[in-house]
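Reader: I have a structure to go through and I am new to it. Can we take it piece by piece?

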Amino acid sequence: RAKKEGRGRWTVFDPQRTAMAVSQYAMSVRMPMALDRGEFFIDYQPLCALADGSLTAVEALVRWRHPELGVLGPDEFVATAEETGLIVPLGRWVLERACEQAAHWVERFGTAAPRLNVNLAVRQARHPALVSDVGRVLRESGLDPGRLLLEITETAVIGPDDHALQALHALVDLGVSLAVDDFGTGWSNLSYLRDLPVSELKIAGAFICDLHGASGPDAVGWRIVGGLVSLAHTLGLTVTAEGVETASDAARLRAMGCDTAQGWYYGRPAPPQEISRRIADGLRGPAAG
Ligand code: C2E
Ligand code: MG
Ligand code: MG
Ligand code: MG
């Protein structure tokens, strides 16, 4: 163990930090190979209408089956991928794979197929080939652009003179929808909502999760969520709440007029076969069990 106090302050060798740095480095070196070797895969998490619980969309969430470290979640590697730039080919791969899957669901289930949400990293949103990439993926997969929604984070939000804003407008011209992800966590100037061609706000999961245990209809946190729902509707936007873990969360959000919910209460991220089963069950109807 390292010496305590005194010398500790000057320690340059912190085993834990070094291990982190090494693994970040090892990760960044291995990642391009991992993409070629097919080590990434996608789970899909349901988004459900609060009114009747029906499946309206799924969000594609990337995972990495690392040969030594096991399955890694995006919080463990997306930041590194952003730094190294690998997020661009990785994000393109996620978009291709997820659009193929969504097109397959349309082929198999028709209008009962869920729409598709895909996350867009900051670097992807600013990449000059974004619009042509999305256009090509839509053509190749045959997915109706109206069935694709791209999620951009509030922190990625883009000033009005930014050329990336033009790209977002071009995506909307293609027929694709846009949402602000993790809404309410940033401290950004809300005037960006005037300039961005978004059609949906997703209230950050952390926001809703923090409300567990908050009791009483006037808990401040819930009033803020209510305010965000009203703000979205005032602007003519649809609103989704993330991190919905309990029936009482769902009931409260429904009472507030929130449109859509995503969270463990409605389903964990799952492999595509499990989503297929769920769509099929939905088609048989709740009465059939
Ligand atoms: P996100 O877009 O906000 O996705 C929702 C995250 O919340 C997912 O974490 C999901 O598993 C988690 N979650 C869902 N329901 C609940 C719940 O009821 N309770 C709690 N506590 N958590 C819930 P995940 O899969 O670890 O993804 C983390 C983040 O990584 C995502 O946050 C997204 O920003 C990013 N990400 C995932 N896939 C991609 C991708 O393909 N490209 C990019 N650029 N980012 C991605
Ligand atoms: Mg998201
Ligand atoms: Mg989110
Ligand atoms: Mg998030």
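Reader: Where does E82 lie?
Author: E82 lies in helix α2, residues 74-84; helices are DSSP runs of H or I with at least four residues, numbered from the N terminus. This is a predicted model, where local features need pLDDT of at least 70, side-chain atom pairs count only at pLDDT 80 or more, and totals for chains, interfaces and linings use all residues. Residues are numbered from 1 along each chain as its sequence is written, chains are lettered from A and ligands numbered from 1 in the order in which they are written, and side-chain values use heavy atoms, leaving out hydrogens and water.

Reader: Is E82 buried or exposed?
Author: E82 is buried, meaning under 20% relative accessible area (1.4 Å probe, protein chains only).

Reader: New topic. Which residues are the protein donors of the magnesium ion (ligand 3)?
Author: D181, D182 and E242 supply the donors, at 2.1 to 2.4 Å from the ion. Donors are N, O and S atoms within 2.8 Å of the metal (3.2 Å for Na, K and Ca); water is not among the atoms, so sites may look incomplete.

Reader: What parts does the pair D182 and E242 tie together?
Author: D182 is in strand β6 (residues 177-183) and E242 in the loop between β8 (238-241) and α10 (247-255), so the pair ties together parts 60 residues apart in sequence. Strands are DSSP runs of E with at least two residues.

Reader: How far apart are ligand 3 and ligand 2?
Author: These two magnesium ions are 3.9 Å apart, and D181 coordinates both.

Conventions. Buried < 20%, exposed > 50% of the residue type's maximum accessible area, 1.4 Å probe, protein only. Lys, Arg positive; Asp, Glu negative; His and termini not counted. Salt bridge = Lys/Arg side-chain N within 4 Å of Asp/Glu carboxyl O.
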